[in-house]
Amino acid sequence: MANGGPVEHGYPHLDTVRDAVTALYRRLSHDTVHRFATSVAPVDVAFCDTDDLHLGAQRVARELVRHFRLPDARMIVGFREMEHAANVELTAGPEYFIELNDRFRTHRRDIGAALAHEIMHVFLHRVDLAFPGTRDNEILTDTATTYLGAGWLLLDAYREDASSSQKLGYLTPEEFGYVLAKRALLFGEDPSTWFTSAQAYTAYVRGRERARLDERQPPLTAAGWAGRRRYARDRRHAQEAAAAPASVAAARAPYAFVPEGPGPLRVTFACPTCLQRIRVPVRGRVRARCGLCRTVLDCDT
């Protein structure tokens, strides 16, 4: 939790974020991910200053439990002085104890954001999905919270001006925007109307631009002229080279050429939806179907 301190920006965790999206699809499956096609509605997690602190927190927690389809999980929410925004005790259940930072007693509109992250810890614990190391596991939790429909709350908790700042979660605001935009592109949502923070909206727009760039990379047919020109040059070099040129192409571009013995040259690239690596033959126009998220991709290899 950044509370008055500097807020990191940009995409320093983007590789881990992309690994997290792929891991979600692999662990949950395409069908399960699509069960979360509707995000948490603002009205369901609204919290005003006149609401009873403890009853309101329990109400929001129940709504998030319902959203994440944890019907037999009961969240008991308390408040205490602590360094981090929140903490959850991961047990066998069905009761889980969540502690929120005392600052949320007076910043109640952000309680939903803190609870969403902690309840996602419970969700991931139950489906046995984790990354090694605290940092990567927290990035996985932020990514999963956002991709499964509650992370817009975490982004909306970001506020920054000349004299103060606040940000929840381990992702940067732009990385939250990137994952939120990935979800929006998949399900046809427009989360921009949910933001109460102007800075959060700006971060979402920037993240959306980065997410859309994934859909315009060669060998996808939506790639721009410059990308197609670069791809054609790299393909020609790969076809002419006697040694495997994959490392040369990969250092400059989001694709790599892989020779496979006497067979045709192949190109690997990331699926723009689930970010799993796809491998297709280099033979002109092809349609590829991602085996993980079932996205059909038009390619010009």
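The legends below describe close-up views of a predicted model. Local features need pLDDT of at least 70, side-chain atom pairs count only at pLDDT 80 or more, and totals for chains, interfaces and linings use all residues. Residues are numbered from 1 along each chain as its sequence is written, and side-chain values use heavy atoms, with hydrogens and water left out.

**View 1. Crossing of helices H4 and H5.**
Helix H4 covers residues 111-127 and helix H5 covers residues 134-147; helices (H or I, at least four residues) and strands (E, at least two) are DSSP runs, numbered from the N terminus. Two packed helices are described by the angle between their axes and the distance between the axes. The axes of H4 and H5 come within 9 Å and cross at roughly 105°. Here an axis is a line fitted to C-alpha atoms, for helices over the stretch in contact, and angles run from 0 to 180 degrees between N-to-C directions. H4 and H5 are therefore roughly perpendicular to each other (angles of 65 to 115 degrees count as roughly perpendicular, under 35 as roughly parallel, over 145 as roughly antiparallel and the rest as oblique). On the H4 side the meeting residues are Ala116, His117, Met120, His121 and Leu124, and on the H5 side they are Asn137, Glu138, Leu140, Thr141, Asp142, Ala144 and Thr145; contact means heavy atoms within 4.5 Å. The residues of this contact divide into five nonpolar, five polar and two charged. In that division Ala, Val, Leu, Ile, Met, Phe, Trp, Tyr, Cys and Pro count as nonpolar, Asp, Glu, Lys and Arg as charged, and the others, Gly among them, as polar.

**View 2. Met120 in helix H4.**
Met120 lies in helix H4 and is buried, with a relative accessible area of 0%. Buried means under 20% relative accessible area, exposed over 50%, and partly exposed in between (1.4 Å probe, protein chains only). Not counting residues up to four places away in sequence, Met120 touches Phe68, Thr141, Ala144, Thr145 and Leu148. The C-alpha atoms of Met120 and Asn137 are separated by 11 Å, the two residues being 17 residues apart along the chain.

Leaving out residues up to four places away in sequence, Leu64 touches Val40, Val45, Gly112, Leu115, Ala116, Ile119, Ala150 and Leu153.

Arg108 sits in the loop between strand E4 (95-101) and H4. Arg108 is buried, with a relative accessible area of 16%. The side chain of Arg108 reaches the backbone oxygen of Arg105 at 2.9 Å. Apart from neighbours within four places in sequence, Arg108 is in contact with Phe47, Cys48, Asp49, Asp51, Asp52 and Leu53. Thr50 lies in the loop between helix H2 (30-33) and helix H3 (53-67) and counts as exposed, at 72% relative accessibility.

**View 3. His30 and Arg294.**
His30 lies in helix H2 and counts as buried at 16% relative accessibility. Not counting residues up to four places away in sequence, His30 touches Tyr25, Leu292, Cys293 and Arg294. His30 and Cys274 are 244 residues apart in sequence and 9.5 Å apart in space, C-alpha to C-alpha. Arg294 belongs to the loop between strand E10 (285-289) and strand E11 (296-300), and at 38% relative accessibility Arg294 counts as partly exposed. Arg294 has a positive phi of about 70° although it is not a glycine.

**View 4. Leu275 between two strands.**
Leu275 is found in the loop between strand E8 (266-270) and strand E9 (277-281). Leu275 is not a glycine, yet has a positive phi of about 70°. At 10% relative accessibility, Leu275 counts as buried.

**View 5. Pro219 and Thr301.**
The peptide bond from Pro218 to Pro219 is cis, with omega near 10°. Pro219 is placed in the loop between helix H8 (198-214) and helix H9 (225-240). Thr301 lies in the segment after E11 and counts as buried, at 0% relative accessibility. Residues that Thr301 touches, not counting those up to four places away in sequence, include Pro219, Tyr231, Arg235, Val267 and Val280.

Key: A polar contact is a pair of N or O atoms within 3.5 Å; within protein, one must be able to donate a hydrogen and the other to accept it, and residues adjacent in sequence count only if both atoms are side-chain atoms.
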